Each structure stands twice: as C-alpha cells, then as structure tokens.
Amino acid sequence: MTTHAATNAQVVNDTRSWTQALAQYRQPNPVRSTIEIAATVLPFVFLWAASAAAVLYGEYWGLVLTIPAAGFLVRLFILQHDCGHGTLFAHRRLNDWIGRVLGVITLTPYDYWRRTHAVHHASAGNLDRRGIGDVDTLTVSEYRALSRWGRIRYRLYRHPLIMFGVGPAWLFLCQYRLPFGLMRAGAQPWVSTIATNIGIVLPVAAMIWLVGLVPFLLVQVPITLMAATAGVWLFYVQHQFEDTHWSTADDWSFQHAALHGSSHYDLPLPLRWLSGNIGIHHVHHLAAKIPFYRLPEVLRDYPELKHTSRITLLESLKCVKLVLWDEGDRRLISFREELATR
C-alpha cells in the first residue's frame with residue numbers, strides 16, 4: 001500500500017482531514033472476517049468444553065483453562081462490538097444477526113448495547129453529554145459541590161474493588177438483563193434484552209443438563225467474571241488517562257475529542273490480538289467503520305499516530321487513581337491531588 005509520509009504532518013494538523021484520509025480502510029474483507037470469527041469461537045468452545053470435562057471427572061486443574069477462555073470471551077465481545085459498528089461485513093443485517101448471536105455468549109443484549117455505544121461515540125469527551133455508555137466522571141467543582149454522602153458514594157463508585165470487581169459483575173449479570181438507561185426509549189431495548197435473556201437460558205439449561213450445575217458454575221462463573229473485568233478495564237483505560245480530553249459542548253469537536261480523548265493502549269502482541277486491536281482506540285473513534293483487523297494498517301501508514309495519546313501496559317496501572325476532571329489544568333487528577341489544591 002502506498003505510504004502517506006509526505007502528507008502525514010498536514011493531516012495531523014488538520015483533524016478535519018482524517019475522515020477523508022481514513023476512508024480507504026473502511027472496506028471489510030468477508031473472508032478475513034469469517035476467519036477471525038472462527039479463530040475466536042472455536043478455541044473458546046474447545047477451552048470451555050475441555051475445562052468442563054476435566055471438572056466433571058474430578059480433574060480440577062482444568063479450571064486453569066478458564067483463564068485463556070476468558071481472553072477469548074473478551075475477543076468475542078470485540079467481534080460483537082465491530083458488528084455494532086457494521087464493520088465485519090458489508091451487509092448490515094449480517095452484522096446485526098451475528099452480533100445478536102454473539103450477544104448471547106457475551107451476556108450482552110446487542111441492540112440495546114449498540115444504541116448506548118452509539119451515544120458514547122457521539123459524545124465522548126463532551127462534559128455536557130455525560131451519563132450514557134461511559135464511566136461516570138465528575139469535574140473537581142462538581143465533586144466539591146456534593147454533600148458528604150454524595151462524595152462518599154462517588155469515592156465508592158470509583159474505588160478499584162467496585163470499578164473492576166463488583167461493577168463488571170453487576171454490569172454483565174444484572175444491568176444487561178433489563179434496558180437500564182433506556183427504559184422509556186421504546187420497544188427495541190426491551191425486545192433486545194428479553195430476546196437475549198431467552199437466548200441465554202436455553203444454552204445454559206443445555207449445559208447444566210450435560211455437565212451438571214456445579215461443574216457448569218465452576219467453569220462459567222470465573223470465565224464471565226474475568227472477561228467482564230478485563231472488558232471494563234479496557235473500556236476504562238481507553239478514556240480515563242491523565243492527558244485525555246474533555247470540554248464543554250461549545251468547545252467540543254468530534255475529531256479532536258476522538259484523537260486526544262481516546263488512548264492508544266499499546267499492549268504486548270498477544271494481548272493486542274485477544275483484545276482485537278481495541279487499544280488503537282483513538283483511531284477507532286476517528287473512524288469507527290474501520291474493521292478491527294485493519295486498525296494496525298492505519299498505524300503503519302501514519303506512524304505518528306503510534307505516539308498520539310499512547311500509554312503502555314505499565315503506565316495504564318497508574319490510571320486507576322485518576323478520578324476527577326480538573327477543568328483548570330485540563331487533565332484527570334486523583335482525590336489526593338484534589339485535596340491538595342483546596
């Protein structure tokens with residue numbers, strides 16, 4: 001493919017040019033997409049079955065297999081995510097039905113999730129449009145205006161044990177069972193969640209009948225919880241890093257917020273594969289119609305994007321403490337930093 005080194009600097013300085021520059025990467029390859037689905041579904045099914053079979057016969061070492069199985073479950077969610085953006089295949093209906101089937105496996109009602117995720121893409125980094133499809137984040141002034149009990153509740157919500165422990169379990173096991181946030185948005189969220197719930201019950205009942213309740217729970221529960229935590233962590237760190245971008249609606253720009261409000265989470269290659277390149281999140285927000293397997297092509301052709309909003313795995317661990325948006329310094333800060341600035 002022709003490189004773009006001669007025009008890269010100009011494109012980076014004019015964010016309006018990104019839409020045109022990245023349009024060439026939007027075309028999915030149906031053969032590649034099919035291979036990616038097979039390369040994710042088949043190992044997941046094998047690992048789940050092997051783990052359950054081992055436990056069924058008293059070989060509890062088989063529970064070790066739930067760890068890679070959880071990784072493949074995260075990747076299944078990424079495939080569902082791409083279906084929601086209409087990027088795995090050229091036909092919308094094919095994307096939608098594959099996404100709905102995958103939603104049964106990931107415990108995520110596809111049409112309901114797609115609707116909230118579209119809101120997230122349309123408003124990421126906009127201080128005046130927070131609350132749907134994102135991690136609740138207060139500004140320093142908003143936090144200081146809270147009552148004592150309000151501050152305690154926000155501190156609890158942002159505590160790592162809640163954010164990455166209780167929170168993911170609640171999200172995938174409870175919150176996704178009803179269309180929370182879209183209760184009055186018409187029939188579609190209800191149809192999506194109820195149909196997904198029915199779709200979940202049928203294979204769960206079959207698996208329990210096949211291997212028994214205890215082996216099923218010993219295998220399925222850790223896979224679900226580990227994958228849920230990993231998924232929430234990925235979503236969190238893609239927007240909750242120190243130099244992320246937030247602004248009021250008057251100053252907000254979609255492309256600027258996408259480029260600077262979403263991170264390039266530069267993961268080691270195995271984790272990059274399991275997470276479906278979702279760490280190249282700034283490019284994904286710039287052009288959500290690019291299939292996940294083509295995102296590395298963008299970094300190859302526009303190498304300066306490798307350094308834009310880049311954070312490493314080690315650096316990302318520090319993001320846990322960043323909980324408040326400082327409108328003066330225009331960065332995320334910790335509770336300790338907020339206290340020091342009073």
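The model is predicted, so local features need pLDDT of at least 70, side-chain atom pairs count only at pLDDT 80 or more, and totals for chains, interfaces and linings use all residues. Residues are numbered from 1 along each chain as its sequence is written, and side-chain values use heavy atoms, with hydrogens and water left out.

**Annotated segments**

- The unreviewed UniProt entry annotates "transmembrane region" at residues 35-54, 60-78, 161-178, 190-210 and 217-236. Such annotations may be inferred rather than shown by experiment; positions follow the numbering used here, and feature names are shortened.
- Residues 190-210 are 100% helix and 0% strand, with end C-alpha atoms 31 Å apart.
- Residues 60-78 are 68% helix and 0% strand, and their end C-alpha atoms lie 29 Å apart.
- Helices (H or I, at least four residues) and strands (E, at least two) are DSSP runs, numbered from the N terminus.

**Helix 4 against helix 6**

- The axes of helix 4 (residues 66-84) and helix 6 (residues 110-123) come within 10 Å and cross at roughly 70°. Axes are lines fitted to C-alpha atoms, for helices over the stretch in contact; angles run from 0 to 180 degrees between N-to-C directions.
- Helix 4 and helix 6 are therefore roughly perpendicular (65 to 115 degrees; under 35 is roughly parallel, over 145 roughly antiparallel, the rest oblique).
- Helix 4 passes helix 6 in a right-handed crossing (the near helix is turned clockwise from the far one by less than a right angle; anticlockwise is left-handed).
- F77, Q80, H81, C83 and G84 of helix 4 meet Y110, W113, R114 and H117 of helix 6. Contact means heavy atoms within 4.5 Å.
- The residues of this contact divide into four nonpolar, four polar and one charged. Ala, Val, Leu, Ile, Met, Phe, Trp, Tyr, Cys and Pro count as nonpolar, Asp, Glu, Lys and Arg as charged, and the others, Gly among them, as polar.

**G84**

- G84 sits in helix 4. Leaving out residues up to four places away in sequence, G84 touches Y110, W113 and R114.

**Helix 5 against helix 6**

- Helix 5 (residues 92-106) packs on helix 6 at about 115°, with the axes 9 Å apart. That makes helix 5 roughly perpendicular to helix 6.
- R92, N95, D96, G99 and R100 of helix 5 contact Y110, D111 and R114 of helix 6. One nonpolar, two polar and five charged residues make up this contact.

- Three strands form an open, mixed sheet in the order 1-4-5. Strand 1 (138-139) and strand 5 (331-333) are at the edges, each with a single partner strand, so one side of each lacks a neighbour in the sheet.
- Strand 4 (residues 324-326) pairs antiparallel with strand 5 over three bridges. Pairing requires at least two DSSP bridges between two strands.
- R331 in strand 5 is the bridge partner of D326.
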